[in-house]
Amino acid sequence: MVFPSLETERLLLTELQPDDEQSIFSLFSSPAVVEYYDLEAFCEQSQAANLISLFKTRYEEKQGIRWAIRLKASGQLIGTCGFNSWSSKMRNAVIGYDLLPEFWRQGYSFEAVHAIVNAGFSGALACGELHRIQADTVPGNDASELLLRKLGFKQEGIRRECGFWKNKFHDLKCFGLLRPEFVAI
């Protein structure tokens, strides 16, 4: 199964490679990046290698996909995005994304997430043509919610204390986007 690369005006979305370990460590060791994540900031490089391996296995087992977000001009890895899980049978998926803080508020997340949503709804991925894409945010993650709304996602509700990480329960806001609602921009 060939890993699908995607291209936008400024970005390349590619498969994560073992030599991305340092970049992934830099990304996930940033407290700002993992503030709303269900994991602690990385403190060992081996954690990055393990995460890259996990993403590779999930793709090989057709459970999901995670792309490296790279600047087209330089190839620099600035974040990741993808479908944390998908169901070909149910034709739905759950997305996630992250970006190094120095690249926030420049439209890169929108560009990358728009590309993967478009690929999911068009049937260009191993999961087949999706009908629904879901995203969950932790209340307070206003930037993520703004991104989702800009892409056409609708807030569907709050799942009270649905998550448990960092030694406490977290509410999760559920956002959904249906294929007929998505407008290719």
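Start in helix α4, residues 142–150, and select Glu-145 and Arg-149. The two sit four residues apart in that helix, so about one helical turn separates them. This is a predicted model, so read each stop as a feature of the prediction.

**Stop 1: the pair in α4**

Show both side chains. Glu-145 and Arg-149 form a salt bridge, with the closest N and O atoms 3.6 Å apart. Which of the two is buried? Glu-145 is, with a relative accessible area of 5%. Arg-149 is partly exposed, at 42%.

Now select Glu-15, Lys-56 and Glu-60. Salt bridges with shared partners join these residues into one network.

How many salt bridges are there? The count comes to 12. Side chains of opposite charge can pair when their charged atoms come close.

**Stop 2: Arg-70 and Asp-20**

Select Arg-70 and Asp-20. Their side chains meet in a salt bridge, 2.6 Å from N to O. Arg-70 belongs to strand β3, residues 65–71. Asp-20 sits in the loop between β2 (11–15) and α1 (21–28). The pair therefore ties together parts that are 50 residues apart in sequence.

**Stop 3: Glu-156 and Arg-132**

Move on to Glu-156 and Arg-132. Here the closest N and O atoms of the salt bridge are 2.7 Å apart. Glu-156 lies in strand β7, residues 154–165. Arg-132 lies in strand β6, residues 132–137. This pair ties together parts that are 24 residues apart in sequence. Glu-156 is partly exposed, with a relative accessible area of 45%.

**Stop 4: Gln-134**

What joins the side chains of Gln-134 and Arg-132? A polar contact of 3.1 Å does. Gln-134 is buried, at 15% relative accessibility.

Leave aside its neighbours within four places in sequence. Its contacts are then Ala-93, Val-94, Ile-95, Phe-153, Arg-159, Cys-174, Phe-175 and Gly-176.

**Stop 5: Asn-92**

Select Asn-92, in strand β5, residues 92–99. Where does Asn-92 stand relative to Gln-134? In sequence they are 42 residues apart; in space, 7.7 Å from C-alpha to C-alpha. Asn-92 is partly exposed, with a relative accessible area of 28%.

Show the residues that Asn-92 touches. Not counting residues up to four places away in sequence, they are Trp-86, Ser-87, Leu-130 and Arg-132. Arg-132 is back in view: this is the residue that forms a salt bridge with Glu-156.

**Stop 6: aromatic rings**

Switch to Phe, Tyr and Trp side chains. The structure holds nine aromatic pairs. Take Phe-28 and Phe-42 as one of them. Their ring centres are 5.5 Å apart and their planes are at 35°, so the pair is tilted. Phe-28 lies in helix α1, and Phe-42 in the loop between α1 and α2 (45–60). The pair thus ties together parts that are 14 residues apart in sequence. Both Phe-28 and Phe-42 are buried.

Then select Phe-3, Tyr-59, Trp-67, Phe-83 and Trp-86. These residues form one aromatic cluster.

**Stop 7: charges over rings**

Select Arg-10 and Tyr-108. Arg-10 lies over the face of Tyr-108, at 4.1 Å from the ring centre.

Now try Lys-150 with Phe-110. The charged end of Lys-150 sits over the ring of Phe-110, 4.6 Å from its centre.

**Stop 8: cysteines**

Finish with the cysteine sulfurs. A disulfide is a covalent bond between the sulfur atoms of two cysteines. How many disulfides are there? The count comes to zero.

Select Cys-127. Which cysteine sulfur is closest to that of Cys-127? The one in Cys-81, at 14 Å, which is too far for a bond. Cys-127 is buried, at 5% relative accessibility.

Last, click on Cys-43. Cys-43 is exposed, at 63% relative accessibility.

Note on methods. Residues are numbered from 1 along each chain as its sequence is written. This is a predicted model: local features need pLDDT of at least 70, side-chain atom pairs count only at pLDDT 80 or more; totals for chains, interfaces and linings use all residues. Side-chain values use heavy atoms; hydrogens and water are left out. A salt bridge is a side-chain nitrogen of Lys or Arg within 4 Å of a carboxyl oxygen of Asp or Glu. Buried means under 20% relative accessible area, exposed over 50%, partly exposed in between (1.4 Å probe, protein chains only). Rings of Phe, Tyr and Trp (its six-membered ring) pair if their centres lie within 6.5 Å; planes under 30 degrees apart count as stacked, over 60 as edge-to-face and the rest as tilted. A charge sits over a ring if NZ of Lys or CZ of Arg is within 6 Å of the ring centre and within 35 degrees of the ring normal. A polar contact is a pair of N or O atoms within 3.5 Å; within protein, one must be able to donate a hydrogen and the other to accept it, and residues adjacent in sequence count only if both atoms are side-chain atoms. Contact means heavy atoms within 4.5 Å. A disulfide is a pair of cysteine sulfur atoms within 2.5 Å.
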